[in-house]
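Subject: Structure handover

Dear colleague,

Please find the structure below. My notes on the core packing and the charged pairs follow it.

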Amino acid sequence: LISDNASTDATEEICRTFVLKDPRIRYIRQPSNIGASANFRFLLNAAESRYFMFAAADDNWSPLFLEKLLIVMLQDKGCVLAFCDLVIRFRETGREVMIPVSSSCSNSPLVRYVSRIIDMQPHLIYGLFRRDYIKPTDLVGFDFFDCHISLIMALRGRIRIVNETLYTWEISQTRRSYSLTNKRIDYLSFFVAQLGLMLKHFSLVKSIIPIILLSY
């Protein structure tokens, strides 16, 4: 399922060529750029499968990436999101940085939530989701919405990590962080959203721990 967010290169031509070759491919072109988070919501709304995964243009998957994540899902019915360790590769030099990803499989939502605050990994949004547990309304339009998704999922169930590097994120050495909505990166919206989750899911006393961690 491809949502072409009003691309200006050869994306449309390439996608329509593959649609003619493979009836499993669905291609939709947005008439204008609707923004990253809105495009994510559009895809999730359009999906009808039991499992769901976002795919980004600058990602490379091992041939066993999907298979191994699905095995984890099938073995643990309480797993709502599965991912793996990853590699960041710099295009100009080929240098690679290994990123081990941690997660708690505790039955306690608080423990799972705190573990994700300690190790916030934005790449988790590109893992394999159990479709019924991720909602389009979760995909909010503020900076760090990818980390916000992983924290929501930690509250809803277990996040399992396959300890193999099956995913590679290719970036340029000149890449700089940028804001989705403003000229400057907005941290406040993310912090306010986490405070809301804490007050909703934990007692005030339990909320003190995550608040301290976020402040730190």
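Is Arg 91 buried, partly exposed or exposed? Arg 91 is partly exposed, with a relative accessible area of 49%; buried means under 20% relative accessible area, exposed over 50%, and partly exposed in between, with a 1.4 Å probe and protein chains only.

The model is predicted, so local features need pLDDT of at least 70 and side-chain atom pairs count only at pLDDT 80 or more, while totals for chains, interfaces and linings use all residues. Residues are numbered from 1 along each chain as its sequence is written, and side-chain values use heavy atoms, with hydrogens and water left out.

Salt bridges

A salt bridge here is a side-chain nitrogen of Lys or Arg within 4 Å of a carboxyl oxygen of Asp or Glu. The count by this rule is twelve.

Arg 91 pairs with Glu 170, with the closest N and O atoms 3.9 Å apart. Glu 170 is in strand β8, and Arg 91 is in the loop between β5 and β6 (96-99), 79 residues away. Helices (H or I, at least four residues) and strands (E, at least two) are DSSP runs, numbered from the N terminus.

Lys 68 forms a salt bridge with Glu 164, at 2.8 Å between the closest N and O atoms. This pair joins helix α3 to strand β8 across 96 residues. Lys 68 is partly exposed at 23% relative accessibility, and Glu 164 is partly exposed at 34%.

Arg 156 and Asp 138 form another salt bridge, their closest N and O atoms being 2.6 Å apart. Arg 156 lies in helix α5 and Asp 138 in the loop between β7 and α5, so the pair ties together parts 18 residues apart in sequence. Asp 138 is buried, with a relative accessible area of 6%, whereas Arg 156 is partly exposed at 34%.

Nonpolar cores

A nonpolar core is a set of buried Ala, Val, Leu, Ile, Met, Phe, Trp, Tyr and Cys residues joined through side-chain atoms within 4.5 Å. The largest has 40 residues, and those touching the most other members include Phe 54, Phe 65 and Met 153. Strand β5 (79-90) gives two or more residues to this core, as do α3 (65-75) and β8 (158-171), among others. The most come from β5, with nine residues.

Phe 54 contacts (heavy atoms within 4.5 Å) residues including Phe 40, Leu 43 and Trp 61, not counting residues up to four places away in sequence. A second, separate core of 15 residues includes Tyr 113, Val 114, Met 198 and Phe 202.

Helix α2

Phe 40 and Leu 43 are among the buried residues of helix α2 (residues 36-46). The buried residues of α2 pack against β1 (2-4), β3 (51-52) and α5 (145-156).

Regards
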